[in-house]
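Please open the model in a viewer and keep the selection panel at hand.

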Amino acid sequence: MKKIIFLLLLSGSLYAQEQVFNVQRYCIDEQPFKKGECDTVGNEYSFVFLDTQKRTVVFFLTATKMKYKIVDSGVFAPDKNYSFYTLENEKGQVEMRINTQNTKIEFLYPNTHVYLTVGNSTKAMR
């Protein structure tokens, strides 16, 4: 019985840092950027999986899956209500920002900005 409890505690700690964000709405702004305007808007199947322990981010935007490695993170200096993550994959780097309420996520690519509104189904896996 002690072994089973130990294994349960150990497996629970492996996933302690993973967060799943259920995207309710996305807004894609392409260059030239226009603050508050969207070139594409939708609410199709979209999720963001953030695992700070494994230092990975997986972003599903409709039919596209993007995987990133976290290379840097911290509190966003101009607005302390946001955390920033510098992400990298084979295509280059992107900055991701998440507000402290976990209701807004931004992916800032060089030519495209993706703004996500996260719903109530967001959960931290613990």
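The stops below cover a disulfide, salt bridges and aromatic pairs.

This is a predicted model, in which local features need pLDDT of at least 70 and side-chain atom pairs count only at pLDDT 80 or more, while totals for chains, interfaces and linings use all residues. Residues are numbered from 1 along each chain as its sequence is written, and side-chain values use heavy atoms, with hydrogens and water left out.

**The disulfide**

Select Cys27 and Cys38, whose sulfur atoms are 1.8 Å apart and form a disulfide (a pair of cysteine sulfur atoms within 2.5 Å). A search of the whole structure finds one such link. The angle about the S-S bond is -105°, and the link of Cys27 and Cys38 is left-handed.

Cys27 is buried at 6%, whereas Cys38 is partly exposed at 29%.

**The salt bridges**

Which residues are linked in a network of salt bridges? Select Glu95, Arg97 and Glu106, which make up this network. A salt bridge is a side-chain nitrogen of Lys or Arg within 4 Å of a carboxyl oxygen of Asp or Glu. Side chains of opposite charge can pair when their charged atoms come close. The structure holds two salt bridges. In one, the closest N and O atoms of Arg97 and Glu95 are 3.0 Å apart; in another, Arg97 meets Glu106 at 3.4 Å, N to O. Arg97 is buried, with a relative accessible area of 18%, and Glu106 is also buried, at 14%. Glu95, at 25%, counts as partly exposed.

**The aromatic rings**

Finally, display the aromatic side chains: the structure holds seven aromatic pairs. Rings of Phe, Tyr and Trp (its six-membered ring) pair if their centres lie within 6.5 Å; planes under 30 degrees apart count as stacked, over 60 as edge-to-face and the rest as tilted. Select Phe107 and Tyr109: their ring centres are 6.3 Å apart and their planes lie at 15°, so this pair is stacked. Phe107 is buried at 0% relative accessible area, and Tyr109 is buried at 18%. Then move to Tyr45, Phe47, Phe49 and Phe60, which ring pairs link into a cluster.

Definitions and conventions: Buried means under 20% relative accessible area, exposed over 50%, partly exposed in between (1.4 Å probe, protein chains only).
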